[in-house]
Amino acid sequence: MPHTVESHLAPLELIERLSLHYPDVPIEAIFKEDLLRRGMGWSPQALEVAAGYKRKAYFIFSFDMVPISGMDHGENLKAPEEIRLTGGVFNFKPVIVSVRLNPDSPYRVESEDGDLILKLDGNAVARVELQRSPAYYERKISNGKPIMDIAPTIEWGYLLYLTVFRLCQYFGAQEECRYCDINENFRQQKKSGRPYTPVKSVAEILEALEIIADTDSESKAYTVTGGSVTSKLEEMSEVDFYAQYPEAIEKRFPGRWISKVVVQALKKDEAQKLRDVGVQIYHPNFEVWDERLFEILCAGKARYIGREEWLRRIVDAASVFGPERVIPNFVAGVEMFKPAGFATVEEAIASTQEGLEFFMSHGITPRFTTWCVEPLSALGKEPQSVPLEYHVRLLRIYRDTMAKYSLAAPPGYGTPGLGNAVFSVSSFMDVLPASPSC
Ligand code: SF4
């Protein structure tokens, strides 16, 4: 099903065609990928309903397709973090989708007699469920900062997302990753008046977790992350800065949550330092496999560390954490960016498949975040669109390459399988076979 055909189809027709062509991919996952690449609008009435539930916390990037200045109905303050789609004309099993705001999307959530419905070009698709706001979301720590700023949850409450450094020292056009809006998002959030702590202290994190540990039973894991540190932050190197958080958390709450850290690819002794303080899962994100595109898209990482060294360090980390606990992220679809990315789905899939083969043959299981074209990122300055067929085929090669190497679903993501998965920014967990939770 070539892309030229895809661009002439109405959105619903495209999904139905892809579903017929790839019957081994659940239609729920096809809709989810389409929602992630197109975003969704909300009617003002639906927004008012959503405002009573768990709201979008802007846990690291904007993950929106319009800037806050382009939101006319207070979407940034009222929209939920995630929605769960069920039932409807396709009889959906529950599927959880991250909310990426885009008032111009053909997808729209509307309120009908108090119920929320997802529509595509006006056609009802599925019922929309929202997650209740945890009690601690309304609370503040002693210095007045909201817990929603210090320790928000995503993945339907499974993951505490601790962005302890909301900026990145890769700065400006020559260094920032071209799909990333971390620094610009920080500026727009501050301008909008949202409490948005640039560097969270260990004490702030512990105080928030104290309240969460007392009142919450849904969170099962935490991620410590933030922008890259290329020189020093608070007089510390990247590994020393980030290691202090899991070290303190594991001392105070030993084993209470699965511990995960997302940082750059570290030297082996630095990775060992993370392991020694109690980190169980390490995410040295790789983002894009192709060598030429890595240099263009991740210029700072390419210059400071280099792709070959980055790869070596990921493989080295497998002997520190165990290969199944080294989980590099790929930004799914970014290898088709305009104007310099792959022009065809075939080429893009072949390239990323090569990357999956490389990692999985070492027992390492990558994961995806479906690319969100954020307008404040460098790539968001011009129109971008990744064919939906790319995303469907990516899910298939992921699932099939995992099976080829007899790999289990990555730990720290909850239970895999359609109807179980909580990971909301890609469907990779929705398409894996169901197996016990980890
Ligand atoms: S390293 Fe790249 S992707 Fe990560 S925060 Fe910095 S600019 Fe963004």
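This is a predicted model: local features need pLDDT of at least 70, side-chain atom pairs count only at pLDDT 80 or more; totals for chains, interfaces and linings use all residues.

Tutor: Strand S7 is joined to strand S8 (residues 159–165) by 2 bridges, and the two run antiparallel. Strands here are DSSP runs of E with at least two residues, helices are DSSP runs of H or I with at least four, and both are numbered from the N terminus. Two strands count as paired if DSSP finds at least two bridges between them.

Residue numbers start from 1 along each chain as its sequence is written.

S7 and S8 belong to an open sheet of 5 strands, ordered S7-S8-S9-S10-S11, with mixed pairing. Strand S7 (153–154) and strand S11 (281–283) are the edges; each has a single partner strand, so one side of each is left without a neighbour in the sheet.

Together with Ala151, Leu162 touches the most other members of the largest nonpolar core, which has 136 residues. Such a core is a set of buried Ala, Val, Leu, Ile, Met, Phe, Trp, Tyr and Cys residues joined through C-beta atoms within 7 Å. A residue is buried if 20 or more other C-beta atoms lie within 10 Å of its own, exposed if 12 or fewer, and partly exposed in between, with C-beta atoms placed from the backbone. Helix H15 (residues 388–404) supplies the largest share of this core, 7 residues. Leaving out residues up to four places away in sequence, the contacts of Leu162 are Ala151, Ile205, Tyr222, Thr223, Val224 and Tyr245; contact requires C-beta atoms, placed from the backbone, within 7 Å.

At the other end of the strand order, S11 is packed against by the buried residues of helix H10, which also pack against helix H9 (238–252), strand S10 (258–262) and helix H13 (307–321). In H10 (residues 268–276), the buried residues are Glu270, Ala271 and Leu274. They lie on the same side of H10 because they cover an arc of only 100° around the axis, the arc being that of the directions from the helix axis to the C-beta atoms. Asp269 and Asp276 are exposed, on the face of H10 turned away from its buried side. Just after H10, Gly278 has a positive phi of about 115°.

Definitions and conventions:
Two residues are in contact if their C-beta atoms, placed from the backbone, lie within 7 Å.
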